[in-house]
Amino acid sequence: MTVQTTRRGFLAGGLAAGAALVVGFTPKGALAAGHGGAEINPFVKVDADGTLTVVLKHFEMGQGTTTGLTTLVAEEMDADWDAVAIEFAPADDSKYANLFFGGQGTGGSTAIANSFMQYRQAGAAARAVLVAAAAKQWGVAESDITLEKGMLKSGDKTGHYGEFAAAAAEMTPPAEPVLKDASAFNLIGDARLPRKDSAAKTDGTATFAIDVRLPDMVYAVLLRSPKFGGKLTSFDASAAADIQGFVDARAIANGAGVAVYGTSTWAAISARDAITAEWDFSAAETRSTPDIEAEHIALLDTPTYEARPGATLADSTAALEGAAQVVEADFLLPHLAHAPMEPLNCTIEATENGVRVHDGCQFPTLTRPFVAGTLGLDPSQVEIVTVYAGGSFGRRANTVSDYHVEAALVFDALGRERPVKLVWTREDDLAGGFYRPMAAHRAKIGIDGDGNITGWDHRVAAQPIFKGTPFEAVIVHDGVDHGSVEGIADTPYNIPAFSVGLSDWTSPMPVLWWRSVGHSHTAFVKESLIDMAATAAGRDPIEFRLSLLGDDTNADHKRLRGVLELVAEKSGWGGDLPEGRGRGVAVHKSFNTYVAEVIEVSTNDGAVKIEKVTCAVDCGVAVNPDVIKAQMEGGVGYALGHVMRNQITMTDGVVDQANFPDYEPLRIYDIGSIDVHLVPSTEAPTGVGEPGVPPAGPALANAIAAATGTRVTKLPMWENGIEFA
Amino acid sequence: MTIELSINGKTRSVEAAPGTPLLWVIRDELNLTGTKFGCGVASCGACTVHMDGTPVRSCQTYIEDVEGAEITTIEAIEGKAAAAVQAAWRELDVVQCGYCQSGQIMQAVGLLTETPKPTDEDIDGYMAGNACRCATYQRIRAAIHVAAEKMEA
């Protein structure tokens, strides 16, 4: 999602974090007897044996927060990296809010960006009280104490954190703990600091939500309407009676389906297959994809909203009239599913005071009140246990907490006594909505006799993501859902008379942010068009882009030029290529991170092969360079797999894709190599989970155009004329 | 039906309906949750286990067909190739979300057992059925080469 994180905004956030320390780092005293350790502050725990545990307010979906947040605390405490333990924080907005959101949640590539100062301050505050406690115990000055690999030292005295933890927890930390100077960093910036989650994820011991098992737990699947917005009218479970392990089938209270319970996941799935149901489709989505596409294209004729301040449709129309040539095209990008590897699931059990939710929980600040509201509880009665999430790509963060609410309804329908684990199958996932919206774009770009852009009329039609959600007040302004136009309406390119119009398409089918949100389609269209304009103007694609980023007083221009120049150098841009090969470039800013990518393709009998991807990224201070590289590699792969061959389509409102064979994932053989380079920077760190995605698709489209002359304007590519080797 | 299952060096008696996929017996009955459910149609490889030392998709392996076979899951994998693969995976920090990695590792061990010194083409061919939505493929390929070197050492 888009979050307002300007440089000024970051500083304000940092100051707010500092101010919050006075309260946030108040010591909590020694932990329960027998534990022997102490909670130094909400983010730092120390056991009696010296084990340092970092408490993580952000969940881990693969993006590396277990490593990143832990690095920040460990750095300031001079901890022994291999010995630092981690645990996920409970749901508690008062302690664990995302400083950019105001509530506890992970998304918008903000985990490191919002935590950078806070987690360092938490580590520095813990260090300060541990040193103070040691100084008192040893009778030495605090300035005589040094820390190295988790050990405090003064002269011939040494001791681990645990020896001073209980005393430290009773002390008041300094209001503004002293942070290390960047020149003293040992862990931040370490090129190969090992990931904290590698061991558990390579021996089968990492616990994901789907692995949670509780005494007397039943497994459940939900029989849902085959069309979005359908309501259950009746069902017949008689044929399920003979299924071994079948427990019961009950309608859930909101009319959305039938909960089917079993003594195993397989029993529940088998029983569901035997149950028939009748539905009321009077308010359901019943259209088919070709009609939906035509409706999107028609909406481009008369945009509802002006979405780009500074120029109107009248301005761009006037500017286009005198152009020497006009580049124009329509683009159409399909609905996409997130399809995280771990299918959605959620386990709920009764507690003395309410319920406990077991989940790879991305947005506790929303899940808690939504589950509470569903069950008639106060949010304080809902406890959340966060475990590893097997991917998300946006799906587990959800403005209506859809799968948690379902799990609560399924738990409720069985009587609220037995723990219930609701599991989605892959079929449920692909047909389950909350897609990246379909997006149609239309552009007309005027070019003068010198090869410069004179005006740009750009239009977008898409189903809005944020309207009607708790985020509407922040992200929708004057009717414009920023999630539909981010990346195009706010492009840093210096383009005169550039208007962006927007129309909303509407449906009972829910849509959602998908890794990089609006940028997932706007960057594809923008960077394809820039290449088309460069070609029309007879200019080199990188030189052309640099010419639109020439303002030295503009930080965006400087950093976009930085990644473009680095990627040009590292990719061998401009160098000779064998016959049949082509290179394409794209550059894009998203989530305050700057990424340029060059893709080199070969062609063999018309079949395209992605030989090499070169990526340059500027995300400010690189806390964990290898995690950043991994996120770029993953972002490139996620983008390219979908651009090459994924789409969700419907026939009479029923989703056509059943399982992975119909939504073929990227495979190991699809990409030859991905080479990532970081721009050295001292700027505040920004996100990396999403920004690798936007430039990859257009870089591939531009490479294909360079190699074959074919310009792709409709996705996915393999449904629209491109064959892959 | 009652099945005598030989899994991870132990014999376990399991009660399951014919046609029950081995995957769900492993996960829900035996509580060996390192083996994952990803698609249920053998197109992602997250459920890969070894049957008599060969990688199979446990979601499409039925309980009545495994009697007498030796099943090994990620929790009990051992030997030269397994040790090399797990060490290489950690050395290169292959994992992201990690959900598919049990299956990737079981498949990679199968590859190195059959082909101790694989080429990129060998790897791409043998690992083609194991999907990773985080797209850790480049590191998987590199880690298999590192594991092959470790096995030689």
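Biologist: Among contacts in chain A between residues at least 6 apart in sequence, what share joins residues at least 24 apart?
Modeller: That share is 75%. Keep in mind that this is a predicted model.

Biologist: And how many helices and strands are there in chain A?
Modeller: Chain A has 18 helices and 30 strands. Its radius of gyration is 27 Å, close to the 27 Å that the globule rule gives for 725 residues, so chain A is as compact as a globular protein of that length.

Biologist: What does the C-alpha trace of chain A span along its principal axes?
Modeller: About 80 × 70 × 50 Å. As for burial, 63% of the 725 residues of chain A count as buried. The accessible surface of the chain is about 24,700 Å², and carbon and sulfur atoms account for 50% of that.

Biologist: OK, sheets. What's the strand order in the open sheet of 4 strands in chain A?
Modeller: The order is β1-β2-β3-β4 of chain A, and the pairing is mixed. β1 (38-41) and β4 of chain A are the edge strands, each pairing on one side only. On average, neighbouring strands in this sheet are turned by 30° against each other, direction ignored.

Biologist: Which way do β1(A) and β2(A) run, parallel or antiparallel?
Modeller: Antiparallel, with 3 bridges joining them. One bridge there puts A38(A) with V46(A) in β2(A).

Biologist: And how many bridges join β2(A) to β3(A)?
Modeller: Again 3 bridges, and those two strands run antiparallel. K45(A) has T53(A) of β3(A) as its bridge partner. The two strands make a hairpin with 5 residues between them, and G50(A) in the turn has a positive phi of about 95°.

Biologist: In what sense does β3(A) pair with β4(A)?
Modeller: In the parallel sense, over 4 bridges, with β4 covering residues 85-88 of chain A. L56(A) is opposite F88(A) of β4(A) in that pairing.

Biologist: How many residues of β3(A) are buried?
Modeller: 5 of the 5, so β3 (residues 52-56) of chain A is largely enclosed by the rest of the structure. In a regular strand the side chains alternate between the two faces of the sheet. In β3(A), L52(A), V54(A) and L56(A) are on one side, T53(A) and V55(A) are on the other, and all of them are buried.

Biologist: Which strands does α2(A) lie across?
Modeller: Helix α2 (residues 65-77) of chain A lies across β2, β3 and β4 of chain A, at about 130° to β3(A). Helix α4 (residues 111-138) of chain A also packs on the sheet, where it touches β1, β2 and β3 of chain A and makes about 120° with the direction of β1(A).

Biologist: Switching to helix α10(A). How many of its residues are buried?
Modeller: 11 of the 12, so α10(A) is largely enclosed by the rest of the structure. Among the buried ones are H404(A), E406(A) and F411(A).

Biologist: What's the distance between its end C-alpha atoms?
Modeller: They are 16 Å apart, which agrees with the 16 Å that the 12 residues of α10 (402-413) of chain A should span at 1.5 Å a residue. Just after the helix, G415(A) has a positive phi of about 105°.

Biologist: Now A209(A), where does that lie?
Modeller: In the loop between α5 (162-169) and β8 (218-224) of chain A. A209(A) is buried, at a relative accessible area of 1%. Its contacts beyond four places in sequence include E342(A), H358(A), Y388(A) and K421(A). A209(A) and E342(A) are 133 residues apart in sequence, with C-alpha atoms 8.7 Å apart.

Biologist: And S288(A), buried or exposed?
Modeller: S288(A) has 12% relative accessibility, so with a cut-off of under 20% this residue counts as buried. It sits in the loop between β12 (276-280) and α7 (289-299) of chain A. Leaving out residues up to four places away in sequence, S288(A) touches M650(A), T651(A) and D652(A).

Biologist: Last one: what's the strand order in the open sheet of chain B?
Modeller: For those 5 strands the order is β2-β1-β5-β3-β4, with mixed pairing. β2 (10-15) and β4 (54-57) of chain B are at the edges with a single partner strand each, so one side of each has no neighbour in the sheet.

Note on methods
Residues numbered from 1 in each chain as written. Chains lettered and ligands numbered in written order. Heavy atoms only, no water. Expected span 1.5 Å × (residues − 1). Buried < 20%, exposed > 50% of the residue type's maximum accessible area, 1.4 Å probe, protein only. Pairing = 2+ DSSP bridges. Contact = heavy atoms within 4.5 Å. Rg over C-alpha atoms; globule rule 2.2 N^0.38 Å. Areas by Shrake-Rupley, 256 points an atom, 1.4 Å probe, with all protein chains shown as cover. Axes fitted to C-alpha atoms, helices over the stretch in contact; angles between N-to-C directions.
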